[in-house]
Amino acid sequence: MNIEKIIKNAVLSQEAYPVKENLCRIKLDANENPYPLPPGMKRIISEHLSAVSLNRYPTPGSPGLKADFARYYGVDEDMILIGNGSDELIHILLTAVNTSTSGSVMFPTPTFAMYRISALNTGHSIIEVPLDNHLELDTDAMLGAISDKEPSLIFLSYPNNPTGKCFDRNDIEKILEASGGLVIVDEAYFNFSGKTFMRDLDRWDNLVILRTLSKVGLAALRLGILIGHPSLVHHLNKVRLPYNVNIFSQVIGSLFVEHSEKFLDLTDRIVSGRKWLFDELTAIEGINPYPSDANFILFSCFMEKDDVYERLMDRGVLVKSFASPDILKNCIRVTVGTEEENREFIEALNVVVHGE
Ligand SMILES: Cc1ncc(COP(=O)(O)O)c(C=O)c1O
């Protein structure tokens, strides 16, 4: 069998999403929450999980979780779709929308890699619009592409991964206004930015919001939440696999809603850690951090960044380096860790950069 003849060209020409095996003591590469579960939660979770019936399929569509998140976000239940991480919700959206020849999915670059990977895998053509020199949206270019190519989907990471800041709200409003397609505002890092379009769902029927529990200490659950208009959610439900969210994630997701303040205390610590880390990075000569609204910081290095990356790894610290030739070519992204991890990272970076 010639496997290349069977697999789509769009798949053949891609690389799998790069995930580094974790051999480092300090893992600051994947924008995870570094803290273990809040006090008392392990016991509560164990009690609930022991009551689960493993011989039965989980309830399709996660209705309990849908009701919990509807209450939590203050929206109607029929506006919610629960996914196996927001990665799955991105894939569901891309599976449901029309593919056109001119360019059906648009996003700024650099941004979250899965928009591109999933769009190509689902047979879409893509329109990539580079950010300007201030890492803001090039709104004129985006509005031009909307009018020329009428994309079915526009992805905006808010704050943007990996650059860190929320784009200007007015620019996003102009895009929402101009677009006849869906505009996905991906608020994966909302708990660190405090900025949201959740209250704007009444204003635009093409607005869709994505949230996730991955950044608030529950990445292993794989739970993403889509909030959109009932007519859209109705169609997306036909694309969703029946048992897409396993029973453990459904149970623990509901416990998150019930005990959310405990989880969110930890995000406050991360926001304080971000400020400390930003000031320390600024103080290192030759390192330029970009301001961040998320739980990570992007910084440029005066040295060869692959060298910095490798030498940090030799000291037990894993960060994220990018293989792209754009604004990121000399940049590294570091996730905000615990106070101790942040201190060790800064010490290691000082040694790598200045040998002190
Ligand atoms: C902007 C953005 N959206 C979505 C995701 C994926 O979230 P999930 O873990 O819920 O699939 C990430 C993960 O890093 C992200 O940065």
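Modeller: Happy to! Let's start with Leu49, which counts as partly exposed at 23% relative accessibility. Buried means under 20% relative accessible area, exposed means over 50%, and partly exposed is in between, with a 1.4 Å probe and protein chains only.

Colleague: What kind of model is this, and how are residues numbered?

Modeller: This is a predicted model, where local features need pLDDT of at least 70, side-chain atom pairs count only at pLDDT 80 or more, and totals for chains, interfaces and linings use all residues. Residues are numbered from 1 along each chain as its sequence is written, and side-chain values use heavy atoms, with hydrogens and water left out.

Colleague: Got it. Back to Leu49: which helix does Leu49 lie in?

Modeller: Leu49 is part of helix H3. Helices (H or I, at least four residues) and strands (E, at least two) are DSSP runs, numbered from the N terminus. The C-alpha atoms of Leu49 and Ile247 are 8.8 Å apart, although 198 residues separate the two along the chain.

Colleague: Let's switch to the ligand. Which residues come nearest?

Modeller: There are 14 residues around the ligand, and Ser86, Asp186, Tyr189, Thr212 and Ser214 come nearest. A residue is near a molecule if one of its heavy atoms lies within 4 Å of it.

Colleague: What classes are in that shell around the ligand?

Modeller: The shell has 4 nonpolar, 6 polar and 4 charged residues. Here Ala, Val, Leu, Ile, Met, Phe, Trp, Tyr, Cys and Pro count as nonpolar, Asp, Glu, Lys and Arg as charged, and the others, Gly among them, as polar.

Colleague: And which helix gives the most to that shell?

Modeller: Helix H5, residues 85-96, gives the most, with 3 residues.

Colleague: How far is an oxygen atom of the ligand from the side chain of Tyr189?

Modeller: An N or O atom in the Tyr189 side chain is 2.6 Å from an oxygen atom of the ligand. A polar side-chain atom of Thr212 also lies 2.6 Å from a ligand oxygen, and for the side chain of Asn161 the distance is 2.7 Å. A polar contact is a pair of N or O atoms within 3.5 Å; within protein, one must be able to donate a hydrogen and the other to accept it, and residues adjacent in sequence count only if both atoms are side-chain atoms.

Colleague: How much of the ligand does the protein cover?

Modeller: The protein covers 93% of the 390 Å² of accessible area that the ligand has on its own. Such areas come from the Shrake-Rupley method with a 1.4 Å probe.

Colleague: You mentioned Asn161. Is the peptide bond from Asn161 to Pro162 cis or trans?

Modeller: That bond is cis, with omega near 15°. Pro162 sits in the loop between strand E5 (153-157) and H8. Another cis peptide bond joins Thr109 and Pro110, with omega about -5°, and Pro110 lies in the loop between strand E3 (105-109) and H6.

Colleague: Now backbone angles. What is phi of Ser62?

Modeller: Phi of Ser62 is near 45°, a positive value in a residue other than glycine. Most residues other than glycine have a negative phi. Ser62 is in the loop between helix H3 (41-50) and helix H4 (63-73), and Ser62 is buried, at 1% relative accessibility.

Colleague: And what about phi of Arg222?

Modeller: Arg222 also has a positive phi, near 60°. Arg222 lies in the loop between strand E7 (207-212) and strand E8 (224-227), and counts as partly exposed at 29% relative accessibility.

Colleague: Last topic: loops. Is Thr122 buried or exposed?

Modeller: Thr122 is buried, with a relative accessible area of 19%. Thr122 is in the loop between helix H6 (113-121) and strand E4 (126-130), and a polar atom of its side chain lies 3.1 Å from the backbone oxygen of Ala119.

Colleague: Where is Asn206 found?

Modeller: Asn206 is in the loop between helix H9 (190-193) and E7. Asn206 is buried at 8% relative accessibility, and a polar atom of its side chain is 3.1 Å from the backbone oxygen of Leu176.
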